[in-house]
Amino acid sequence: MRHQNRSVIRLLLLISIFLFGILPIQLSAETIVLPRIPESIEDFIVLRDEISITPGGGAAIFVLALYIYTFDEELGLQAITVTLVNDDLHLHKGNGVYKGYSPTNPMRYLLDRVLPKPYMVRSYFNGAVPGNNYDMGDLPLIVETSTNKYSEISENEIRLFVACSGAGSPRPVRVERNSSGLWKVDEFSSLVVGVMPPAE
C-alpha cells in the first residue's frame, strides 16, 4: 500500500512537472484597440507609430495590414512593408511598393495564402467568429495577444500569441524592436495557416 502511494505521488509530480515545467503557460495578455482602418499609407504609418510601441501592438498593426491587403492589395502591401523587420530576409530594395522597398519572395509566398481566404485574417479580430461569417462588426477593432514564460527571446525580440477564433489555440508571431522603439514582425507564418471556414 505504501509502495502504491509513492507511485501515485511520483506520477502526480511527473504530471505537474510536465504541465507546468515544459508546456508554455500564459503569463500576460494585451488588448490592442485599433480605432480606424487607414485609407492611405501616410495615415497607416501614423497609426503604426501610435500602436507599435508594445510587442502586442506590433503584432496587431501587422494583422491590420494583412486585413487591408485582403481588399486593397496596393495599400496592403505598403502597410505590410512598413510593419516588417527591415532586413534582407523580409524586404528587398529596388522597384518597391514603398520608398523602394517590397516584401521579399519568401514573404510574398506567405502572403499569397491570404487572398484566397480573406476570412482567415478576420479571425484575429474580437467578435469575428465562424458562426457570423467572421463579421468584425463596427469600429474599433480589437486584437488580443498573450505571452508566456518562453516568450522573451532577447531584450528586443519576443514571441507572442494572437487570439484566433477560427483555431483551437492562439497563433504565434515573433516581433522585434527596432532602433526607433517600434515593434515589427519578424516571423508570421502561423498567421496565414487555415482556420475554420465561415458558416456560409
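Does K99 count as buried or exposed?

Reply: This is a predicted model, in which local features need pLDDT of at least 70 and side-chain atom pairs count only at pLDDT 80 or more, while totals for chains, interfaces and linings use all residues. Residues are numbered from 1 along each chain as its sequence is written, and side-chain values use heavy atoms, with hydrogens and water left out.

K99 counts as exposed, because its relative accessibility is 66%; buried means under 20% relative accessible area, exposed over 50%, and partly exposed in between, with a 1.4 Å probe and protein chains only. The residue sits in the loop between strand 2 (91-98) and strand 3 (101-103), where helices (H or I, at least four residues) and strands (E, at least two) are DSSP runs, numbered from the N terminus. Strand 2 and strand 3 run antiparallel and are joined by four bridges, two strands being paired if DSSP finds at least two bridges between them. Within that pairing, K93 stands opposite Y101 of strand 3. The hairpin that these strands make has two residues between them, and K99 takes a positive phi near 50° there.

Most residues other than glycine have a negative phi, and most peptide bonds are trans. With that background, the loop between helix 6 and strand 4 also deserves attention. N133, found in this loop, has a positive phi of about 60° although it is not a glycine, and N133 counts as partly exposed because its relative accessibility is 25%. P140 has its place in the loop between helix 6 (119-122) and strand 4 (141-148), and the peptide bond joining L139 to P140 is cis, with omega about 0°.

The structure holds four aromatic pairs, where rings of Phe, Tyr and Trp (its six-membered ring) pair if their centres lie within 6.5 Å, and planes under 30 degrees apart count as stacked, over 60 as edge-to-face and the rest as tilted. One of them, Y67 with F125, is edge-to-face, at 5.9 Å centre to centre and with 75° between the planes. Y67 lies in helix 3 (residues 55-71) and F125 in the loop between helix 6 and strand 4, so the pair ties together parts 58 residues apart in sequence. Y67 and F125 are both buried. Y119 and Y134 form another pair, which is stacked, at 5.6 Å centre to centre and with 15° between the planes.
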